[in-house]
Amino acid sequence: MLERMRRKAEAKTAKIEVWWDMNDCPIPEGYDARGVRPSIERACKKRGYTGPVSITAYADQTQTPDHHLRALSSTGVSVAHTKSDTTRSVMYRDIVEWRGQNPPPATIMFISDQVEGDFSWDLARLQQRTSYDLFQANSMKHCSDDFILVYYANWRWEQLLEEDGGAPLGGLSSAAMFYCKTCNFNCQSLKKFRKHLSSYEHGLEEAINPPDTRLSCVTKTWARNYPATPEHATAKIHVMWDMNDCPIPEGYDARLVRPSIESAFKELGYSGPVSITAFADQKETPLHHLLSLSSTGVDFAHTLAWVHYSRIITDFEVWTKDNPAPASIMIISDEIASSQYDSTLICRQLQESNYNCFLAYSVRPFEMPVLVTSAEWLWDSLLLAETRRHILHKCSESEGVVASTGMFSCTLCLCDCKSLDDFNKHLATKVHTKEENRMTSFSKSSPRRRRLYKISNYYDEVGYPPKTKRMRKAPQKGRFLLPRPLRFTRR
């Protein structure tokens, strides 16, 4: 916690790099362009950020009036020429390059309407590895619904320009430059810049070798398995296991689940204490599985099929609040691994704190998860690895077993039980039945919830064909909310 507070304090006085898309957020008619820099500096200062500000304005500068360019350069704003359809990709390429040359603490500010999609997906993954404070400003006409990135400040462009004007608050960090991103040309003279943009050589280069309009996602080439770093090697590990998506295969000894997970961690150099919570409608879990898992220190959380993802997210929030970083989390789930919507909150937390992440799933997601992981496994492979070793750890012999204050938990009633008998008694009470009925009624209260509820009931009745011979034998009850072909490939 103290380390996090120290980093935040350092970021307040660190450099601020501003990337401005003039196509999306142009200089308003009649506005004095010399006010752009002092407006941005004052807005940052109001948020407590007083570091030196560098600004680069991107646009097709052949369309920008000379008086705007002179006014911007006179206040130290650098100007970059790009074709309108390549501004987003060129700007992102420069951001990635700048990040590589300027380690945090620092602040990055975007003035753009096009931060969603691949831009935010790739940047969110970068932020999980190396975190910078992020600011954003966009135009009044634009309202993004992309909440995957964590912003420390947001503005509307025209409101930002209404900040008190006047001279810049501090000295300029460097002399203003004019850049042509197509030709890798730069100069400090507007006259030379204009001459270059009107030259035959520039026109030819722009026609033959224009910048790529597609945004290059640098994290798509990242590996999925990394050895443990010193700070995480002995730290706590919390496992959140969705038993609906990744059930115990028929005939598999449930006592092997914990040692299988722990052995996978040890192969990568992780030896910290491991806590495991299994989420499912536990009334559908066979008694011998409950007994076997609980004998190895696995905790249980009872929930319903159409709300269990939100319960996993809640458990994540509570655990990270009680266990500050450095620490690791593991998510065993198909839905959270494949759905950006369900993993958004976890992704935001990983951007803000130094948590490590692992994933396991029954089939590989069709697209790379937005969560940056230190390791990923197929659920079958994870379980089979320990079976081949023929190792069975008893609960008392497992180094990573964490003492549990509530081995059995009902997330609907917020009730913890120390024994399986007490847990089963609770599930049979009128109070619990009333709460389940209330949740069922709530699930029918909107078209979307009604649809999910019907899908859940349909799969309860007829099941859905799994992807492997092993999983075909597994109990199918309540496993899926959405058809697998819509979410996963068959690999």
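# Notes on the predicted model

1. Let me start in the loop between strand E7 (178–180) and strand E8 (185–187), where Asn-184 has its place. (Helices, H or I with at least four residues, and strands, E with at least two, are DSSP runs numbered from the N terminus.) Asn-184 isn't a glycine, yet its phi is positive, at about 55°. The residue is exposed, with a relative accessible area of 68%; exposed means over 50%, buried under 20%, and partly exposed in between, using a 1.4 Å probe and protein chains only.

2. Some ground rules before going on. This is a predicted model, with local features needing pLDDT of at least 70 and side-chain atom pairs counting only at pLDDT 80 or more, while totals for chains, interfaces and linings use all residues. Residues are numbered from 1 along each chain as its sequence is written, and side-chain values use heavy atoms, leaving out hydrogens and water.

3. The overall picture: the protein chain has 19 helices and 16 strands. Of its 491 residues, 54% are buried. Take the contacts (heavy atoms within 4.5 Å) between residues at least 6 apart in sequence: 74% of them join residues at least 24 apart.

4. Now helix H11 (residues 287–295). Which of its residues are buried? They are His-289, Leu-290, Ser-292, Leu-293 and Ser-294. These buried residues pack against strand E9 (237–242), H10, strand E11 (299–302), strand E15 (408–410) and helix H16 (420–427). After H11 comes Gly-297, with a positive phi near 90°.

5. Ala-254, in the loop between E9 and H10, counts as buried because its relative accessibility is 2%. Apart from neighbours within four places in sequence, Ala-254 is in contact with Ile-248, His-289, Ser-292 and Leu-293. The C-alpha atoms of Ala-254 and Ser-292 are separated by 5.6 Å, although the two residues are 38 apart along the chain. The other is Val-298, in the loop between H11 and E11; with a relative accessible area of 0%, Val-298 is buried. Its C-alpha atom is separated by 9.5 Å from that of Arg-255, 43 residues apart along the chain.

6. On to the aromatics. Rings of Phe, Tyr and Trp (its six-membered ring) pair if their centres lie within 6.5 Å, with planes under 30 degrees apart counted as stacked, over 60 as edge-to-face and the rest as tilted. By this rule there are 14 aromatic pairs. The ring centres of Phe-265 and Phe-358 are 4.9 Å apart and the planes are at 45°, so this pair is tilted. It links distant parts of the chain, with Phe-265 in helix H10 (residues 257–267) and Phe-358 in strand E13 (residues 355–361), 93 residues apart. Both residues are buried.

7. Phe-358 turns up again, this time in a tilted pair with Trp-377: 5.9 Å centre to centre, 40° between the planes. Here strand E13 is linked to strand E14 (residues 375–378), which holds Trp-377, 19 residues apart from Phe-358. Trp-377 is buried, as is Phe-358. Elsewhere, Trp-19, Tyr-58, Trp-98 and Tyr-132 form one aromatic cluster.

8. Two lysines are worth a look. Lys-181 lies over the face of Tyr-179, 5.2 Å from the ring centre, and Lys-220 does likewise over Trp-121, at 5.7 Å. (The criterion is NZ of Lys or CZ of Arg within 6 Å of the ring centre and within 35 degrees of the ring normal.)

9. How do helix H4 (residues 87–101) and helix H5 (residues 118–129) cross? Their axes come within 11 Å and cross at roughly 5°, which makes H4 roughly parallel to H5. (Axes are lines fitted to C-alpha atoms, for helices over the stretch in contact, with angles from 0 to 180 degrees between N-to-C directions; under 35 degrees is roughly parallel, over 145 roughly antiparallel, 65 to 115 roughly perpendicular, the rest oblique.) From H4, Arg-88, Tyr-92, Ile-95, Val-96 and Arg-99 meet Asp-118, Phe-119, Asp-122, Leu-123, Leu-126 and Gln-127 of H5. By class, that contact has six nonpolar, one polar and four charged residues. (Nonpolar: Ala, Val, Leu, Ile, Met, Phe, Trp, Tyr, Cys and Pro; charged: Asp, Glu, Lys and Arg; polar: the others, Gly among them.)

10. Finally, the cis peptide bonds. One joins Pro-104 and Pro-105, with omega about 10°; Pro-105 has its place in the loop between H4 and strand E4 (107–111). Another joins Ala-325 and Pro-326, with omega about 5°, and Pro-326 is found in the loop between helix H12 (308–322) and strand E12 (327–332).
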